[in-house]
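Reader: I am new to this structure. Please take me through the terms used for it, one at a time.

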Protein chains: 4
Amino acid sequence: MTIRVFITGGTFDKSYDEIGGRLHFKDTHIQEMLRLGRCRVPVEVRTLMMIDSLEMTDADRELILQNCRSAVEERIVITHGTDTMTETARVLGEARLPKTIVLTGAMVPYAFGSSDGLFNLGSALSFVQALARGVYVAMNGRCFAWDDVVKNRELGVFESRR
Amino acid sequence: MTIRVFITGGTFDKSYDEIGGRLHFKDTHIQEMLRLGRCRVPVEVRTLMMIDSLEMTDADRELILQNCRSAVEERIVITHGTDTMTETARVLGEARLPKTIVLTGAMVPYAFGSSDGLFNLGSALSFVQALARGVYVAMNGRCFAWDDVVKNRELGVFESRR
Amino acid sequence: MTIRVFITGGTFDKSYDEIGGRLHFKDTHIQEMLRLGRCRVPVEVRTLMMIDSLEMTDADRELILQNCRSAVEERIVITHGTDTMTETARVLGEARLPKTIVLTGAMVPYAFGSSDGLFNLGSALSFVQALARGVYVAMNGRCFAWDDVVKNRELGVFESRR
Amino acid sequence: MTIRVFITGGTFDKSYDEIGGRLHFKDTHIQEMLRLGRCRVPVEVRTLMMIDSLEMTDADRELILQNCRSAVEERIVITHGTDTMTETARVLGEARLPKTIVLTGAMVPYAFGSSDGLFNLGSALSFVQALARGVYVAMNGRCFAWDDVVKNRELGVFESRR
């Protein structure tokens, strides 16, 4: 069973620009993270975009949906900025594809020593193998159905709507 | 849903002894790892032993089994050395407790920068929430039933017996 | 011989703001770095400001100079943003205090795994012990006199003016 | 001014053997450390041996001495295990070469997240540029002349003999 991984950017993949002195997007860290986790599950990675999720448009979400639809794999992990992760989850969830799709991200860029990224990636790759068809958000050890999750922006955590 | 975590030692928790210049066991790194992963799932941690799994005796395995049996939680993660992880899984599996139990560990100590420990912990805490009753070994993104896993010692990887 | 360390901020001490999703200043990392380096030289740390060196004013530089002048220690390390490090070095150099003063910083925040900060701190604490009175900039293994250093902004490196 | 770096092994360069589950020597980490420190000083690295300094023989020390003698560079850093660093320093010191030689190492392997190695390397490369001819031991921010240093094995620190 091969898992498809789509990269869209987000905090997860922010790098530090030494010359400009600020965070920016360069390359994804996913290959390095899979190597560190010594991941033994077959994974196919494709970068769809490298953007801050606050800048993600309807067209971008449509592109993500089309890629999920046309992927031959039935199990898909999407790395995504946390700010609008639940919005993309909704677009994918309403499409009711016959697939298991898990969105994940990080509160702190992977390039920081203190990142939760590796933990979340291990979590997302596991939930996607074990869960039934549907669209989910997996962050910080928890997993939410797409229609039952909201980001608490003050605390920086994901919560059930109920 | 609270997850019970039992610590038994293994590579996962080896530390570097600065004075003696060798690896040894001191304290578990699990709390630091849960903090790094910003884990939002309620977790109760208990250290049962801190040993190399090559030194684990039948009595030690019996102790682990008794703790799994008497735990009020139905979902349990056990950190364990990789060398005899499948043996402990067998003891637990044959007991057929009405619980979901996931054993995990690391190929490289968490204290090393290059450890797979955080990835594996995120993975184990996810599989334990999503899988049906049974005993499993979760390492490096894969999850095996207790009666279908063997450690390939030359390659240092876990494989299906089939 | 006690070394005085003055903290002024800069890339060195930038942290990641999880809620806001951007770099900011919180606390200095200097104590953690001294602990990691297992520093055995007596050091007295004082935070003068926590700012980006692009925002440093003449009044800020005057404050740094006054603190260098009134310190009882004859050997002083100053952590500083790289963008205007040479300007502060000039202000201190022209004051011709009877002290050895070394400015240092980092191209990448210490909180990033890929930071040069620990290397630079070890370097600055060593140059300050070994060099004669004067004001110096120590970055990335090199040490420049205050009147012979310029930052090459395209390459992000410090160079001799000659 | 090019600095010659001789590698001899020691805690500094110990790696973790995933298959065997123990510390061993593989390759030196020095190039990675110089890259992390964004070192701008010209450095020529040569590995003389990769051993635990407890196993270092008189013949090994003679080899180190001959390499110091025949090197075209006048400034030399030697990475070395801490257990017998002061013995090698004595052999080199008594040879009274017209060079500046600094021995350094680490209390914790560089491959561990908690290593003092990068701090010590930054320190040694700085002392070697700034100090007069002679042989020195630079550890944890301090620098000792070869005939005035002893390792306190209980505390794991280097001290002046006086």
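Author: Start with A:Asn140, which lies in the loop between β7 (134-139) and β8 (142-145) of chain A. Strands are DSSP runs of E with at least two residues, helices runs of H or I with at least four, numbered from the N terminus. This is a predicted model: local features need pLDDT of at least 70, side-chain atom pairs count only at pLDDT 80 or more, and totals for chains, interfaces and linings use all residues. Residues are numbered from 1 along each chain as its sequence is written, chains are lettered from A and ligands numbered from 1 in the order written, and side-chain values use heavy atoms, without hydrogens and water.

Reader: Why does A:Asn140 count as buried?

Author: Buried means under 20% relative accessible area, exposed over 50%, partly exposed in between (1.4 Å probe, protein chains only). A:Asn140 has 3% relative accessibility, so it counts as buried. Its phi is positive, about 55°, although it is not a glycine.

Reader: What makes B:Arg38 buried?

Author: Its relative accessibility is 14%, so B:Arg38 counts as buried. B:Arg38 sits in the loop between α1 (30-36) and β4 of chain B. Its phi is positive too, near 45°.

Reader: How do you know that β7 and β8 of chain B pair?

Author: Two strands pair if DSSP finds at least two bridges between them. β7 (residues 134-139) and β8 (residues 142-145) of chain B have four, in the antiparallel sense. In one of them, B:Tyr136 is partnered by B:Ala145 of β8(B).

Reader: Why are the buried residues of α2(B) said to line one face?

Author: The arc is taken from the directions from the helix axis to the C-beta atoms. For α2(B), the buried residues fall within 160°, so they line one face of the helix. Among them are B:Ile64 and B:Leu65. The face turned away from that side carries the exposed residues B:Asp58, B:Ala59 and B:Ser70.

Reader: What makes the two chains related as by a two-fold axis?

Author: Copies are superposed by least squares on the C-alpha atoms of residues with pLDDT of at least 70 in both. A rotation of 180° with 0.0 Å of shift along its axis puts chain B on chain A, at RMSD 0.0 Å. The copies are thus related as by a two-fold rotation axis.

Reader: How many residues of chain B are in contact with chain A?

Author: Contact means heavy atoms within 4.5 Å. By that rule, 28 residues of chain B touch 28 residues of chain A.
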